Amino acid sequence: MNKPPVATVDIESFAHGGEGIAHVDGRVVFVRGAIPGDTVEITFTQEKKNFARATVTRVLTPSPQRTHQRCPAAAVGAGCCDLGELVPDHELTVKAATVVEQLRHLGQLNDVPEPELVDFDTPTGWRTRMRLGVDPHGRAGLRAGRSRDVVADAQCTQAVPGLLDGIVGPGARTFRPGAELVVAIDSTGHRHVVETRKVGRGQRVEQVTSVLEGTGTVQETVRNTTFEFPATGFWQAHRRAPEVYADTVEEWVHRECTGGENVDKQPGRVVAWDLYGGVGLFVPSLLRACGDAAEVYSVEVSPCAHDSGVAALSGDARVSFVTGKVERRLAQLPDPAVVVLDPPRQGAGDQVIADVAARHPGVVVHIGCDAATFARDTRSWVEHGYRLRRLRVFNAFPGTHHCETFGLFTPTSPAGRG
C-alpha cells in the first residue's frame, strides 16, 4: 500500500483476534486497540498486498461501545484484557458474530445455526489460575502485549479475589529473576504458587520445578467428582466454566441418546469417546447422558491428567483411560455412538476428524476455544458427512477476544451410517 504511516479511519467491525476492521483505498486494515464505531488516527505497522495492520494513535471520536479500560494491568501495557475498553454488555454479541463470520468464511458454511449465547455473571474476578513471568528485579507479573517483557506494576482484574495478592503489584514478594510461575486457587479455596520451566507462548507446561506456596496439587470438584492434579495441569480458567460445560455435554448427548435417530442403541452398550479428555471432566456427564449401558473411553496425551482421571473415576468399570496422542489411539477403541472432542487451540485437524467420521458416530460434540480453528474443524466435519445442528457460544474469557464454542454435529444422512 502506497500510504503515509498515519491515517484517519472509521472502525467498522471486529476481526478474529480482537482487532478492529477498517478500509483504506479498498484494502482491509486490521487495527489493534480499536472498537467498532470509533473514528481513530492510526499508524501502520505492516503493509501487504491485500491488507495492512495498524495501531491506534489517537481516538478522535469514541464508539458508543467504548468505555474506560477496566483492567489496571492492561492499562499499563499487559496483554491480558485486549477488550477491556469494550462495554461488557456488548462482548458476547461481538464474539458470537465473529464465530459466525469465521464459520461462513473459513468454514464455508452457508447455513449457520443461530448461536445460543451463554454469558457468565461478572466481567471481572473470574480467572482461577494464571501464568506469570518474573522480571530481572524478581517482580512477578503478566507479559506485555506481544512481548516477553513483564508488567509487574498492576494486577489484572480477571483474577479471582486473592489470587494475585502479595504476588503482583506494589509491595509484592520477589521471586527468582527470570522464573516462570503458575498461581492457582482451587475449589477448596487454597492458593498454590509453583515455579515451572519455560515454554513457548500458548504451550502447556506441566513440570513443577519448585512449590513456593500451598501443596502444588489442586483439588477441583464438579458436582460429586473431585479431581486432584498438579497446579500446572490444564483446567478451565473461568471458575464457573467446568460445571457449565459439563452440563452442556450432558444435555446435548442425553437428548440425542434418548430422542435422536442417529445414535445406535446396541443392546447393553453405548460407546462414548472423550477425546483430548484432560482429567476426564466430561466422563461423568457422558455416563449420566448415555445411561447404564455407557462405556466411556477417555483419551489424553498428558500422563498427569491421565493419572488424575484414573484416581477420580477408576471405581467405575464403565470407564477406560487411554494415554497417548488422539491420532495414534483411535484405532484401538471400539466404534463409538457418541464422541466429545475438546482439542487444544490449534484444533483437531482434518486427519483426526476424518478418522473419527470413518467410525460413524451418531452424535459429535466439538468444543473450540479459537473461532478460526473451530471453523476449519467444522469445514472438515461437513466434508466428511456431518452437519452442524447446534451452536453455543460462551463468554468464558471476559475482557478478552476469546470465547468458548460448542458445536453439535450429526450425520448428514443417518441411513448411510455403517
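This is a predicted model: local features need pLDDT of at least 70, side-chain atom pairs count only at pLDDT 80 or more; totals for chains, interfaces and linings use all residues.
Me: What makes α3 and α4 roughly parallel?
Reply: Helix α3 (residues 241–259) and helix α4 (residues 283–290) pack at an angle of about 25°, with their axes 8 Å apart. Angles under 35 degrees count as roughly parallel, so α3 is roughly parallel to α4. The crossing of α3 past α4 is right-handed.

Me: Which residues make the contact of α3 with α4, and how do they divide by class?
Reply: From α3 come Ala246, Val249, Glu250, Val253, His254 and Cys257, and from α4 come Ser285, Leu286, Arg288, Ala289 and Cys290. The classes are 7 nonpolar, 2 polar and 2 charged residues. Ala, Val, Leu and Cys are among the names that count as nonpolar, while Glu and Arg are among those that count as charged.

Me: What makes up the contact of α2 with α8?
Reply: Val99, Gln102 and Leu103 of α2 meet Ala371, Ala372, Phe374, Ala375 and Thr378 of α8. This contact of α2 with α8 has 6 nonpolar residues, 2 polar and no charged.

Me: How is the packing of α7 on α8 described?
Reply: Helix α7 (residues 350–357) and α8 pack at an angle of about 35°, with their axes 9 Å apart. Their crossing is right-handed. On the α7 side the contact uses Asp350, Ile353, Val356 and Ala357, and on the α8 side Asp377, Ser380, Trp381 and Glu383. By class these residues of α7 and α8 are 4 nonpolar, 1 polar and 3 charged.

Me: Why are β1 and β2 edge strands of their sheet?
Reply: The open sheet of 6 strands has the order β1-β5-β6-β4-β3-β2. β1 (6–10) and β2 (13–14) each have a single partner strand, so one side of each has no neighbour in the sheet.

Me: What makes the pairing in this 6-strand sheet mixed?
Reply: The pairing is given as mixed, and examples of both senses can be named. β1 and strand β5 (residues 39–47) pair in the antiparallel sense over 5 bridges, with Glu41 in β5 as the bridge partner of Thr8. Strand β3 (residues 20–24) and strand β4 (residues 27–32) also run antiparallel, joined by 5 bridges. In contrast, β4 and strand β6 (residues 51–61) run parallel, again with 5 bridges. Here Val31 has Ala54 of β6 as its bridge partner.

Me: How do you know that β3 and β4 pair?
Reply: Two strands pair if there are at least two bridges between them, and β3 and β4 have 5. The hairpin of β3 and β4 has 2 residues between the strands, and Asp25 takes a positive phi near 55°.

Me: What is the strand order of the 8-strand sheet, and why are β7 and β18 at its edges?
Reply: This open sheet runs β7-β21-β22-β20-β19-β16-β17-β18, with mixed pairing. β7 (116–118) and β18 (319–323) each have a single partner strand, so one side of each is left without a neighbour. From one strand to the next the twist averages 15°.

Me: Which strands does α4 touch, and what angle does its direction make with that of β17?
Reply: Strand β16 (residues 270–275) and strand β17 (residues 294–300) run parallel over 6 bridges, and Asp274 has Ser298 of β17 as its bridge partner. Helix α4 packs on the sheet, touching β16, β17, β18 and β19 (338–341), and its direction makes about 160° with that of β17. Angles over 145 degrees count as roughly antiparallel.

Me: Where does α2 lie?
Reply: Helix α2 lies across β7, β21 (386–394) and β22 (404–411), running at about 160° to β21.

Me: How is the chain divided into domains?
Reply: The assignment gives domain 1 (6–66), domain 2 (91–122 + 238–411) and domain 3 (129–225). The centres of domain 1 and domain 2 are 35 Å apart, and their contact takes 6 residues from domain 1 and 7 residues from domain 2.

Notes: Residues are numbered from 1 along each chain as its sequence is written. Side-chain values use heavy atoms; hydrogens and water are left out. Axes are lines fitted to C-alpha atoms, for helices over the stretch in contact, and angles run from 0 to 180 degrees between N-to-C directions. Helices (H or I, at least four residues) and strands (E, at least two) are DSSP runs, numbered from the N terminus. Angles under 35 degrees count as roughly parallel, over 145 as roughly antiparallel, 65 to 115 as roughly perpendicular and the rest as oblique. A crossing is left-handed if the near helix is turned anticlockwise from the far one by less than a right angle, and right-handed if clockwise. Contact means heavy atoms within 4.5 Å. Domain bounds come from an automatic or database domain assignment.
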